[in-house]
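These exercises are worked from a sequence and its coordinates. Try each task before reading the solution.

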Amino acid sequence: MSDALESEVKTNPQGDPITAAPAPPSAQSGKKDPHAEAKRQKVVTPEYMFHEAPREKEFITGSEAAKEAVRRSNVDLSIAYPITPQSETMQLIGVLYGEGYVKEYYRGEEEYGVMSAIAGGSRAGVRCFTATAGPGTLRGLEPIASWPGHRLPAVCMFTCRVVNAPLAIQPDNIEMAYLLHCGMIIFHAENQQDLFDYIMMAFIISEKNDVTLPVGVCCDGFFVTHARGYCSMQDKGLKLPEREAWRGAVPVLDAENPPARLSRDAPVQKSNFMAYNIHAVWQQEVWAAVERSRKYIDQYMDGLIETQNVDEADVLLIASGSAAAQCREAVRECTAKGIKAGLIKIKSLRPFPTKELRQLCSKAKLIVVPEFNYVGWLAKEVATAIYGYSNAKIVGGPHVYGGMSMPVEMIVDEVICGLSGKRSSTVPSSAIMGQVDPDAVAHFMQNI
Amino acid sequence: MSLNYVEFTPGFDRWMPKEYRDMVHHGPFGKKTSVSQVGTFKEILEEHPMCAGCAMTLFIRLAMIAFPNPEDTITVGTAGCGRLAISQAAIPFVYGNYGDQNGVASGLTRGLKLRFGDKPKDVVVMAGDGGMADIGFAQTLHSWFRKEKFTTIMLDNEVYGNTGGQESGMTNKGQVLKMAPVGKKFEKMDMLGMAKVAGCAYVATVVPNNPRRVESVIKKAVLIAREVGPTYIQAYTSCNIEYAIPTDKVMEDAKDVENDRYKFSEYLSDDARQCLGELYGYKEYLPKPEKTLAKS
Ligand SMILES: Cc1ncc(C[n+]2csc(CCOP(=O)(O)OP(=O)(O)O)c2C)c(N)n1
Ligand code: SF4
């Protein structure tokens, strides 16, 4: 449905060409096919693309990294709706559509409509991509939360920002707390490079037959989307193989795949008349599929976690996304102070690296989990995973939110307080797990 | 059109349930069926869990007989009574979330177009008045404004049937219902007017007591949506339970409502007329020979 060849270069009201790159002179003379480069892209296997293809380094923003990932991902349908700090990403995907790298694209009515249409596109058997942030994530949450149950492969990028009042557009990853319980696969990118790699790998993992699930690729808004970082990328003349609709764990709705009587034969869709156990086993299967994606995450992403300095470490910093970047610096400062500290960066939150954490945390004395949100969802995940497997004291903090940045000293202070027993100035004692607070016990005893 | 998917792999025929075999051998796939032939072929929709005498079910059944290419049709529904019947039919059905039907259908139609080009793949939305005019309002209107090529059918029972009889935007002013304890305070929403404003190529109202007319509007709407743009049918499909219509009076009620506020109406854009006349042999829509010109 992309219109045939454009003869003139279109501009926006400011006079900028609709393509990000200045139009080549031949295009201005009205002869060049704007889709020519896209048509020349060569399909390569995911294995070659991810592990062998030569790469070149560029200094780009996260939004540009997302665009470059989509360019190489053979995406069919992409639907956009603006919200800061995501807008630029989906604008750039629009540029790809103009250039023929994405086959179909439109601006939806709002996020509920967008996420519903993504569900429709995925059911039709095509590869779909969209992105949103904060309030957009919550507005789209009902359809998003139903994607896994409908077994819809698709990739959605979340450029996390504040939700709730008072209004702010700043980075804050509270929305991930909601996404973690949808049944979708969730990755958290630390930087532009992660974003680029995870998006491309997400398409391939999402469409594996024994997975057949949507993947959410999250990053912390602005810190990653608007800042520049080095990103090593394969040649843009390469792309991943297209989605093979017949491969899914459930048939796509194209009236080509048996059974004809789809909603009758598959035990979904029967709602009021569906026995409770059918919903139950279906959800078990969704979460089992999340687990089955581990082997592909190992294969393509080199595991659910990345570690630095963890052998012999007394202190482990556990973090995801931008917090992991701050922790790298904190590890360096702690080491300079003579503290044996290491970092576990969690790349995949669903599936969660429970086994890996149990093993790596067994000897740690102190675990600090810095986060860019108020509620501390990651600390709860970590504590639940390693309970009974580690005697470490777990500091659920420090937390910054609403757009605050996280100075490295804040993390180092928690390490020092945690080790020395000094009271933390930012983390309340209720968020420190695995330690007995005599005052709290006395208070509790007096009140029973 | 791919009929392979309704046929059996050689040798498997006799192991399939009888009902399925009947569907393959005597169903409407790949044939032209009509409401006048009911009883001579196996229908796409037979069993359903709807209330006895529910006019909505009758309408859905007729609509399915009328689909021009049932083997290449995908229905999209939503929460509400209708999907309980639609989901039992022998053609693929999508249910996502309440009110998302026109959003889902937009992505589905575009996706199918990407994969199958001009090969007909008809997407038909059927949803209740609440699902379409209230919770799904924005997506319905926007799909029309965007000129998405699929058919939207409102099963208008003028009430939230499935949740037990609450007021909807399509309820008539003054009607007492649950959540309208002193009567609805505003007019029935003019979705027909909105469909025209939003650019639907075909807009029709219909009641189920005239099967041939139901058949005719469904066929036109699906064919026009395939070639031209969005089409909208608003069907009065009474809820005999919530409006306490005795089962044997359902057709009488439909007649009364037809006379009162649901007169048959049909609007076609010029492109829609041309499409039916030139591509699908509807002679009545071909341009009339210009008599005045001949005279001069
Ligand atoms: C988000 C959401 N809100 C509310 C509901 C509850 N709900 C289910 S069916 C229904 C009413 C259906 O009424 P209508 O769309 O008019 O269809 P009918 O049952 O009358 O055919 C409602 C409110 C829901 N399923 N999802
Ligand atoms: S509640 Fe009304 S609309 Fe729903 S099945 Fe019963 S009669 Fe039909």
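**Exercise 1.** How do the residues of the shell around ligand 2 divide into nonpolar, polar and charged?

*Solution.* The model is predicted: local features need pLDDT of at least 70, side-chain atom pairs count only at pLDDT 80 or more, while totals for chains, interfaces and linings use all residues, and side-chain values use heavy atoms, with hydrogens and water left out. Residues are numbered from 1 along each chain as its sequence is written, and chains are lettered from A and ligands numbered from 1 in the order in which they are written.

Step 1. List the shell, taking a residue as near a molecule if one of its heavy atoms lies within 4 Å of it. Ligand 2 is surrounded by B:Met50, B:Cys51, B:Cys54, B:Met56, B:Cys81, B:Asn157, B:Cys239, B:Asn240 and B:Ile241.

Step 2. Sort the list: Ala, Val, Leu, Ile, Met, Phe, Trp, Tyr, Cys and Pro count as nonpolar, Asp, Glu, Lys and Arg as charged, and the others, Gly among them, as polar. The shell of ligand 2 has 7 nonpolar, 2 polar and no charged residues.

**Exercise 2.** Describe the site of ligand 1.

*Solution.* Step 1. Ligand 1 lies between chains A and B. Its shell holds 17 residues, and B:Tyr98, B:Gly131, B:Asn157, B:Gly161 and B:Asn162 are the closest.

Step 2. By class, the shell of ligand 1 has 7 nonpolar, 8 polar and 2 charged residues.

Step 3. Look for polar contacts (pairs of N or O atoms within 3.5 Å). Polar side-chain atoms of B:Tyr98 and B:Asn157 each approach an oxygen atom of ligand 1, at 2.8 Å for B:Tyr98 and 2.9 Å for B:Asn157. From B:Cys81, a polar backbone atom is 2.9 Å from an oxygen atom of ligand 1. Taken alone, ligand 1 exposes 580 Å², of which the protein buries 76% (Shrake-Rupley method, 1.4 Å probe).

**Exercise 3.** Which peptide bond is cis at A:Pro85, and where in chain A is A:Pro85 found?

*Solution.* Step 1. The cis bond joins A:Thr84 and A:Pro85, with omega about 0 degrees.

Step 2. A:Pro85 sits in the loop between β3 (77-80) and α5 (87-98) of chain A; helices (H or I, at least four residues) and strands (E, at least two) are DSSP runs, numbered from the N terminus.

Step 3. A second example is the cis bond from A:Gly397 to A:Pro398, with omega near 0 degrees. A:Pro398 is in the loop between β16 (393-395) and α17 (408-420) of chain A.

Methods
Polar contact = N/O pair within 3.5 Å; in protein donor to acceptor, adjacent residues only side chain to side chain.
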